Amino acid sequence: MLSNESLETAQSQARSLAKRSLPLADSDFVLNSAAVAGLLGGEEATSTVALTQIYDKRRWLGWYNSPGSYVMGKHFRRLARSAKVDVVFDSDSDAGTTSGSQMVHIDPSVLFTHEGWSGGPAFKGIYSGSNIQTTGPLASWLMKKAGKTDSQKIEGRKTQPVNVTVAVLEQVATLRQQMTFHHRSPPLAFVPIAISLSTCFACGCYHQWYAFSMILVGILSRGFACLFIGSGNLVFDHPKPAEGSPPGDGVLGCDQDLVLLKGNEYVVNAITRGRFFFRFRSKYTCRMVEGCSILLIVQAIAQLIFIPQSKLFGQLMFVSSLAVSWIYNLWLSSRDKGEVKEAIFKQVLGEPSLTKFVLPNRVSAVVFLLLVSNNPRTSSNPKKLKKIMDIFLPSDSEVWEIWKDTVAERLKSGQALQFSDTHWNREELTEDDDRKLLKTLFEDAKDAVKAYTMFKANGAGTDA
């Protein structure tokens, strides 16, 4: 008798376990958050996928459900359609290329529109005469570094102060004509994967198939996108200057923020003409990326339909997986923007010496640029020096022409920029206002000498 009762008790417990009541089954509350799940957090999610190429093994760490699938899908679809097939002739062991092999190149600025990857400010070569309206991403990053550099203020006639940063560039051993980049993946990469798999498993255990399928589709769509995009390399490429090229010195920026680049043409070219691009071995990979983009867009639309059909428990599991991955994406994207750029910058340029002065006006700033960049190959030619001044001070009135000729002659002969009454009391100047203006311009040149003296005293001018 006792055995029969025990058997019936065991059977009833088994039936109750088999039925496994759903948590929150009696709740009437509906967590309809799917309407925005495919739209929020798209930029952060996109950047974390895009930079999988420079992280060791991170292409295998994208298997988790992520918000922003609709935005990711749009970006990756545009990325795949911007692919260009090029023939790579130079051998590069790091990039895995051989002479004459076909490669697919994609501009990363398609994904990083507002993060300084698309291009930098204008560049004017002091000796080469080159004029580049849009420079490379490294120029943009260097301008930001210059903006954060401590400055020394020069007293003088104030109009609009001009920030002048002297960047002394040295060629580092790691700089090559084509480069790839590799970094270690963060250890927290497994957290969103574990949460997504756990929530997906929990939904399956409690038969929440709508939430289960949406989490699973999110894991697969993002995982395959990381897998295919991570199969390429982020490559930096810049042209090699011709033999006998003049010094690469030149000025980045315009108006009130100028950066003087001092270094050989090879290093300067890396800043002004260097470009980043994603490189893939075949166009098949780009087709697969486009397929993943379609899957991501379909996932975003399907979430709007199926997640509201799920019970509250399934909705909570779905939102939990998105919340954890959104926090991870936000942390990783902010980390990427800082650490990755800094690591790439150091690998290409090392640690350039930055010395910043705030000159009281543009005239003194231009003379300071000429003093710092003074080179024996060009200082012996006053016409060349005057042409440089014309670039940054385009005024061609008689007073300005006299001032430019006088300063250029003194720079040519190596004389100090010291001036007296005879320099501005010129017979050809009949108006007192013209003489006063010329005197003012000579005084501005003397202010530039103050900055140059401080520059040399700091030890930064030893190569100047």
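A residue is termed buried when its relative accessible area is under 20%, exposed when it is over 50%, and partly exposed in between (1.4 Å probe, protein chains only). By that criterion, buried residues make up 50% of the 464 residues in the chain.

The model is predicted: local features need pLDDT of at least 70, side-chain atom pairs count only at pLDDT 80 or more, and totals for chains, interfaces and linings use all residues. Residues are numbered from 1 along each chain as its sequence is written, and side-chain values use heavy atoms, with hydrogens and water left out.

**Whole chain.** Display the chain by secondary structure: there are 16 helices and 14 strands. Helices (H or I, at least four residues) and strands (E, at least two) are DSSP runs numbered from the N terminus. With contact defined as heavy atoms within 4.5 Å, 80% of the contacts between residues at least 6 apart in sequence join residues at least 24 apart.

Select next the open sheet of seven strands, whose order is 5-4-11-12-7-14-6 and whose pairing is mixed. Two strands pair if DSSP finds at least two bridges between them. Strand 5 (131-132) and strand 6 (151-153) are the edge strands, each pairing on one side only.

**Strand 11.** Select residues 250-254. Four of these five residues are buried, so strand 11 is largely enclosed by the rest of the structure. Strand 4 (residues 123-125) pairs with strand 11 in the antiparallel sense over three bridges, and Phe123 stands opposite Leu252. Strand 12 (residues 257-262) also pairs with strand 11 in the antiparallel sense, over five bridges. Within that pairing, Val251 has Leu260 as its bridge partner, and Cys254 has Asp257. Two residues lie between the strands of this hairpin, and Asp255 takes a positive phi near 55°.

**Nonpolar cores.** A nonpolar core is a set of buried Ala, Val, Leu, Ile, Met, Phe, Trp, Tyr and Cys residues joined through side-chain atoms within 4.5 Å. The largest has 48 residues; Phe76, Ile106, Leu142, Leu252, Val259, Leu261 and Ile271 have the most contacts inside it. Helix 5 (residues 137-147) gives the most to this core, with six residues. A second, separate core of 45 residues includes Phe368, Leu371, Val372 and Phe455. Centre the view on Leu252: beyond its neighbours within four places in sequence, its contacts include Pro121, Phe123, Leu142, Met143, Val259 and Ile271.

**Helix 9.** Select residues 283-306. The 24 residues of helix 9 should span 34 Å at 1.5 Å a residue, and its end C-alpha atoms are 34 Å apart, which agrees; the expected span is 1.5 Å times one less than the number of residues. Its buried residues include Cys286, Val289, Leu296 and Gln303.

**Lys404.** Finish in helix 14 (residues 398-413), where Lys404 is placed. Is Lys404 buried or exposed? Lys404 is buried, with a relative accessible area of 0%. Leaving aside neighbours within four places in sequence, Lys404 is in contact with Lys386, Met389, Asp390, Leu393, Pro394 and Ser395.
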